Amino acid sequence: MPPILQVKDLKKTYEGGFDALRGIDLDIEEGEILALLGPNGAGKTTLISTICGITVPSSGTATVAGYDIISDYRQARSAIGLVPQEVNLEPFETVFNTVRLSRGIFGLRRNDALIEDILRKLSLWEKKDNQVKELSGGMKRRVLIAKALSHEPRVLFLDEPTAGVDVALRKDMWEIVADLKRQGVTIILTTHYIEEAEAIADRVGVISKGQILLVEDKQALMQRMGRKQLAIELREPLAAIPESLKLHDLSLSEDGSVLTYSYDTKKERTGITTLLSALSAEGIVLRDLSTSQSSLEEIFVDLVEEGAA
């Protein structure tokens, strides 16, 4: 079965010569969640706008559900739901009518039962008769998602969906996304919040300066590129790291009570056994040991810095 979204050598050059997209290749499987990470100006929004038909590509191709975004524009756009960054809603319209009218834009028959189902799943049903201007920022973002789902798209783009939303509402949004995935919706999420990718994505893509640096399974990425750290709590603090231990990748806390050893999970040997033997030979007594792994945020920063080099 072909990917539901296929992008081949997609480029976008604006007047003046700025290359916003520089040959994007991307395949997304049906039913997965892809988190697209990148700094401001990386090309995330341009990529989404191009696939959704808002921006015309300079060259390259893209298909959604088998439909070309240029030659089969209407069919491709009908397969897409878009939740933009900006909250742009008619303030005096009711929630129910806002979502119902969005379905009508796609030429679909009225289906109030479907609209009710969407609003209930997004915890908006009790607000259905409220004017949009009466809603909180978080509720307005839910209305944007409801609008995007009103024509039953197979692919949903979420462009910075939790920007400016507090932590509690952000986690609610993650649950909504997870529920949509269970319903079979394919989701492409752009975000500045690395924890979103860690919490809900199946795969992570990193984009910088209009180029995809990688797209990889989230867990495989962390395993392949992550470094682990071993925190060694000492019974007695050290004034400095002994000379015999300086060949190891160690750092000492300010109070001298914790040694931190960094090691690469990709290597066959971690060097921990050798380190512990060296500590014992120095007469250093341990109180406790604990390990932690690099977060996606650290991996993301490293990738972007490598891409900029």
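Predicted model: local features only at pLDDT ≥ 70, side-chain atom pairs only at ≥ 80, totals over all residues.
Residues are numbered from 1 along each chain as its sequence is written, and side-chain values use heavy atoms, with hydrogens and water left out.

## Cavity and pockets

Rolling a probe the size of a water molecule over the atoms shows where empty space is left. Here the search runs on a 1 Å grid over the protein atoms alone: a cavity is a set of points where a 1.4 Å probe fits but cannot get out, while a pocket is an open set with protein on both sides within 12 Å along at least five of seven lines. Lining residues have an atom within 4 Å of a point. Grid points are joined across faces, edges and corners, and a volume is the space filled by probe spheres set on the points. For residue classes, Ala, Val, Leu, Ile, Met, Phe, Trp, Tyr, Cys and Pro are nonpolar, Asp, Glu, Lys and Arg are charged, and the others, Gly among them, are polar.

| Space | Volume | Lining by class |
|---|---|---|
| Largest cavity | about 30 Å³ | nine nonpolar, no polar, no charged |
| Largest pocket | about 290 Å³ | eight nonpolar, three polar, two charged |
| Second largest pocket | about 230 Å³ | eight nonpolar, two polar, six charged |

How many cavities of 30 Å³ or more are there? The count is one. Its lining consists of Leu5, Leu26, Ile28, Leu36, Leu47, Ile48, Ile51, Phe157 and Ile188. Helices (H or I, at least four residues) and strands (E, at least two) are DSSP runs, numbered from the N terminus. Both β2 (19-28) and α1 (44-51) supply at least two residues of that lining, and α1 has the largest share with three.

The largest pocket, with a volume of about 290 Å³, is lined by 13 residues, and Arg77, Leu82, Pro84, Ser102 and Lys147 are the closest to its centre. At least two lining residues come from each of β6 (80-83), α3 and α5.

Around the second largest pocket there are 16 lining residues, with Ile118, Leu149, Leu180, Gln183 and Val185 nearest its centre. Helices α4 and α6 (167-182) each give at least two residues to this lining; the largest share, four residues, belongs to α4.

## Helix α4

After α4 comes Ser123, with a positive phi near 55°.

## Strands around β4

Two strands pair if DSSP finds at least two bridges between them. Five bridges join β1 (residues 5-13) to β4 (residues 59-64) in the antiparallel sense, and Gln6 stands opposite Thr63 in β4. Strand β4 also runs antiparallel to β5 (residues 67-68), with two bridges; there, Asp68 is the bridge partner of Thr63. A hairpin is formed by β4 and β5, with two residues between them, and Ala65 in the turn has a positive phi of about 55°.
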